[in-house]
2 protein chains.
Amino acid sequence: MLANPPAPEKLDPRVKRTRNLIQQSFSELLAEKGFANITVQDITERAEINRATFYAHYPDKFALLEESIRQAFRAELEKRTLSACHYSEDNLRALILTVCEFIAHSNEHCKSSEQQFDSLVEAQVRKQIQELIELWLAESGADFDRQTAATAAAWSIYGLALQWSRQKNRPPAEQFAEQVLPLVAGTLKPLV
Amino acid sequence: MLANPPAPEKLDPRVKRTRNLIQQSFSELLAEKGFANITVQDITERAEINRATFYAHYPDKFALLEESIRQAFRAELEKRTLSACHYSEDNLRALILTVCEFIAHSNEHCKSSEQQFDSLVEAQVRKQIQELIELWLAESGADFDRQTAATAAAWSIYGLALQWSRQKNRPPAEQFAEQVLPLVAGTLKPLV
DNA sequence: CGATTTGTGTTGAATAAACGACAAAGGAGC
DNA sequence: GCTCCTTTGTCGTTTATTCAACACAAATCG
């Protein structure tokens, strides 16, 4: 019924439409009620689709949130052409900046501070960061070393960005990124 | 495949969606290219629906235009709560005003002055006017008289409004409506 | 406590839409 | 005249969505 992994370049317009309707309604509701208070029925009623159709696309609302985060974050990456390039200090700095702004924007635009919501966002964004860094390191060292280094970098980037976003009088994201750049770069040094 | 006449109060959301997509794309294209230059393919491409789906809803682009005019005009009528009420000079004045503004707005918003386009608009609007007036006269006189009176009134209203819309320095629509009101009312006098 | 409600996740059958193909009509250029 | 190309309607098949129903879990209420 679905065709996720092989990325079908041209997909049925009906599928495109219903996914857009779902995502649109979901993001509206996210801003209005907060994730915990949203039911699948809310989403399908606003999107004017049948509830069964929702389950044909997503197992539950958590999967929908993951997918939404994933798309939103990747869109930010591509906006800065970070999605498929090599490793460099400039790119790493830009990545840190992206994560900072993504978290900040997410806090503004959603009623967050919900346990489930926050941890799902964290997990999903960390995963994206890690995959991207592994891509950057594609030809460096052994598989094991690459995964390990990417893990360390991803966790530290997300942790630092989160801490920054919670500061009361935070410095500009650019300044913060510059400041922590050497720390993160340190976790990758052995490989580049 | 279609269910027009009995007016199914709740219709399949898929049908609703595709009709909206078609109408939306059509009105955009109308403003951009003019009716004659629009192809069915243009419409379906912009609406991101299959061309065969268009023909499941409308026999051709002319039927689509008729339906669009019909809906737009009825929306104007309902905006002034003229759609289902009785006959009175006030209502008749308001109807004349509505037709004037509808034609004027149509001239602004579409690339018109096309033979086919204009005559389709005319026929459709006249039909709506006539049906409404017949409704107003529902319990006056014989069927024959009602239809005749409504025909006369509908033609004169449309003709007057069209002439008004073509004047170079036209007076305000309100003033014009007031001015021609007795003329139109005269065609209905025998019945009310 | 039981009873009612509300939301979930799933099923099978009916239906609208997508898709690819087709013959045919019309226009443009030669 | 002829060809080339676009658009038109139409058709049969496949696929996505709808709909009504179901059993179940978790709240809510009296």
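1. Which helix of chain A does A:Ser68 lie in? A:Ser68 belongs to helix H4 (residues 61-79) of chain A; helices here are DSSP runs of H or I with at least four residues, numbered from the N terminus.

2. A word on the model before going further. This is a predicted model, in which local features need pLDDT of at least 70 and side-chain atom pairs count only at pLDDT 80 or more, while totals for chains, interfaces and linings use all residues. Residues are numbered from 1 along each chain as its sequence is written, and chains are lettered from A and ligands numbered from 1 in the order in which they are written.

3. Back to A:Ser68. A:Ser68 is partly exposed because 19 other C-beta atoms lie within 10 Å; the label "buried" takes 20 or more such atoms within 10 Å, "exposed" takes 12 or fewer, and "partly exposed" is in between, with C-beta atoms placed from the backbone. Beyond its neighbours within four places in sequence, A:Ser68 is in contact with A:Gln23, A:Phe26 and A:Ser27 (contact: C-beta atoms, placed from the backbone, within 7 Å). A:Val121 is 53 residues away from A:Ser68 along the chain, yet their C-alpha atoms are separated by 9.6 Å.

4. Now look at the whole helix. H4(A) has 19 residues and spans 27 Å from first C-alpha to last, close to the 27 Å expected at 1.5 Å a residue (the expected span is 1.5 Å times one less than the number of residues). After H4(A) comes A:Thr81, with a positive phi near 50 degrees.

5. Which residues of H4(A) are buried? They are A:Leu64, A:Leu65, A:Ile69 and A:Phe73. These residues cover an arc of only 155 degrees around the axis, so they sit on the same side of H4(A); the arc is that of the directions from the helix axis to the C-beta atoms. The cover over the buried residues includes H1, helix H5 (89-109) and helix H6 (115-136) of chain A. On the other side of H4(A), you will find A:Ala63, A:Gln71, A:Ala75 and A:Glu78 exposed.

6. Finally, the DNA. Around DNA strand C there are 19 residues, and A:Thr39, A:Val40, B:Thr18, B:Asn50 and B:Thr53 come nearest (near: C-beta atom, placed from the backbone, within 6 Å). DNA strand D is also surrounded by 19 residues, the closest being A:Thr18, A:Asn50, A:Thr53, B:Thr39 and B:Val40.

Key:
Helices (H or I, at least four residues) and strands (E, at least two) are DSSP runs, numbered from the N terminus. Two residues are in contact if their C-beta atoms, placed from the backbone, lie within 7 Å.
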